[in-house]
Structures are given as C-alpha cells and as structure tokens.
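Hello,

Here is the structure we talked about. Please open it first, then read the notes below.

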Amino acid sequence: MRHLIEIGDLSVGEIDALIRTAQDIIGVPERYADACRGKKLATLFFEPSTRTRLSFEAAMYELGGNVLSVSDAGTSSAAKGESVADTAKTVSCYADIIAMRHPKEGAPMVAAMNASVPVINAGDGGHNHPTQTLADLFTIWREKGRLGELTVGFCGDLKFGRTVHSLISALSRYEGVRFVLVSPEELKLPSYVKKDVLARGGIPYEQTTDLEAVLPTLDVLYMTRVQRERFFNEEDYLRLKDRYILTPDKLRGARQDLSVMHPLPRVNEISVAIDADPRACYFKQVLNGKFMRMALILMLLEVGYVH
Ligand code: NCD
C-alpha cells in the first residue's frame, strides 16, 4: 500500500506518469468518469482550506467516486481529544483513501502508520504540501514544456511556506535547475531544507532580500503569502506581511515568458492588476491541481488507468 507524505515518496518516473495521466484526463475525461465507481475518499481537514479540499473532492467526483468529509476540527472527535492514530484507524473502516491536512507537522505520517488505506498529506503545519507540488510541477511543465534548465525564484515566507519546501525538494531532482530565494531575513528558507536538499544535491542557489534586482533573471516566480497562523507574535506578522507586493510596474523588468505562480490564497502579494497579464499562472495552478489529484488517486488506489 502506498501513501504520499512527502514529494520524495514519488520517483521522477512516477511524477512523469502522473503528468501523462493528467494530460490524458484533460484530453479524454469520459475515459475516467467511472474509474473510481464505488470508492470513497475521506477528506480530513483540521486546518482551513478552500482549494485543496474542494479540489480533492471534485477530483473524486469526476472519477465517479464518493466523498466523506471532515472540514472543521471543532466538529470532529479530535475536539474530544482523539489521537490522529485512532482517527486514522476509524476512518479506514469507512473510506478507501484519506487526504489529511493537519496543523501538526508529521500528523499525516502518523495517520499513514495507523491507517489500513492510502493516506495523502494535504499539508502538515509549516512542513510539506506534496499535492500542491504536483499542481505546481504540472503547471510549470505545461507553461514551459520542461521541468529542468530553469531559474526559479521563490519570494515571501520561505520559512513557514510548506509549498515552497515541497516544490524545492521536487525541482531539485531535475537537471539544470537553480533557485533564487527572496525573503526578509526573518523568513529565510529553513536550514534543514538547505542542508538536506540544496547542499546534498549540489543545487546552485542565491539568497537575497531584493526582488526587483533578480526579477529579470527568472523563468518562474513563485510568490507566497506570509503564513500568519505560524507566527508567535502578531507584531512580527504585521511588520513583514507587505514586504513584497508584485505590481505591474515591478513586472516591467521581468522576462516576457516569465511564469508568475502562487499556491493561493493571495492576500496582498500580487496586485490584482496582474491577473490579466498572460504571465499570471496562479488560477491555472488551481485547475491543474485537480487533474493531478485525479491522477494521484488513480495511482494510489491501483485501479489502472495510470500511463
Ligand atoms: C497553501 C497551503 O495551504 O499551504 N495553500 C494551498 O493549499 N493552496 C498556501 C498557503 O496557505 O499560503
């Protein structure tokens, strides 16, 4: 039985297979309309979400399956003190596959160790978010036609932004990728990611606080929200939240073929005036995420169909 807890649980070959499957789903959706007939996905979300939960649920419905959902920790037995392990054992009795989001880092892994069905990490604290990475990789692949030979900028909260950690880990496995890490001093990429991913892989990267200076060098710019819920103190959040705001004026210095990405939700980081710019890809990421989650569900349920 397979789980997806961190993006490294999938090989590069499997990511290719998911991309091929997602493309086939887009091309011939009727082929997949009954693929998961009779199967149930449980979405257990102990933290706020719009896209990730709805995208998993839409994915399962489009595969002909059904969905059971806990969308508010306050209404589940977690509020009575039930452990993640017991919740996972329980939900395994009802569902064929589980997607879990949890504020505690490692909670989906604990769920996987105790569940008797596949578990997908839908975001654990400030740690990882592998299915957002699948959405991001498919978007880069569709926009650029490749996942290697790219200069990728990450801007904003690189410390707590779990989507950043997972995407850096994924892209580090492709040839010719270099990273430009733009953040305030206080929100730099954690040293464990630098050590375990960048240093270990010998991946070139630069760190800076100056977005405008590096913008012209980028193929992809991945903007992020400052993760208010992970701050210990509101003053720090207020001081840092609007440090980087991408405006049409700043974008003037960027390449014409830049892809501007953002996992969403956006707060202030990208001016809405950029939404109409052909370089804006963040709503495409939302749609791409649904197709990749469909492909992932097919893979983990081993119902065939994966190319
Ligand atoms: C991200 C997350 O939950 O980490 N959102 C998402 O799933 N698309 C990013 C964020 O909350 O800032």
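**Ligand site**

The side chain of H129 has an N or O atom 2.7 Å from an oxygen atom of the ligand. That is a polar contact (a pair of N or O atoms within 3.5 Å; within protein, one must be able to donate a hydrogen and the other to accept it, and residues adjacent in sequence count only if both atoms are side-chain atoms). R225 places a polar side-chain atom 2.8 Å from a ligand oxygen atom. L264 uses its backbone: a polar atom there is 2.9 Å from a nitrogen atom of the ligand. Alone, the ligand exposes 320 Å², and the protein buries 94% of that (Shrake-Rupley method, 1.4 Å probe).

A note on the source: this is a predicted model, where local features need pLDDT of at least 70, side-chain atom pairs count only at pLDDT 80 or more, and totals for chains, interfaces and linings use all residues. Residues are numbered from 1 along each chain as its sequence is written, and side-chain values use heavy atoms, with hydrogens and water left out.

**Helix α11**

Helices here are DSSP runs (H or I, at least four residues), numbered from the N terminus. α11 covers residues 282–301. Of its 20 residues, 16 are buried (under 20% relative accessible area, 1.4 Å probe, protein chains only). Next comes E302, with a positive phi near 50°.

**S76**

Where is S76 found? It sits in the loop between β2 (66–70) and α3 (84–92); strands are DSSP runs of E, at least two residues. S76 counts as buried because its relative accessibility is 16%.

Best wishes

Technical notes. Expected span 1.5 Å × (residues − 1). Buried < 20%, exposed > 50% of the residue type's maximum accessible area, 1.4 Å probe, protein only.
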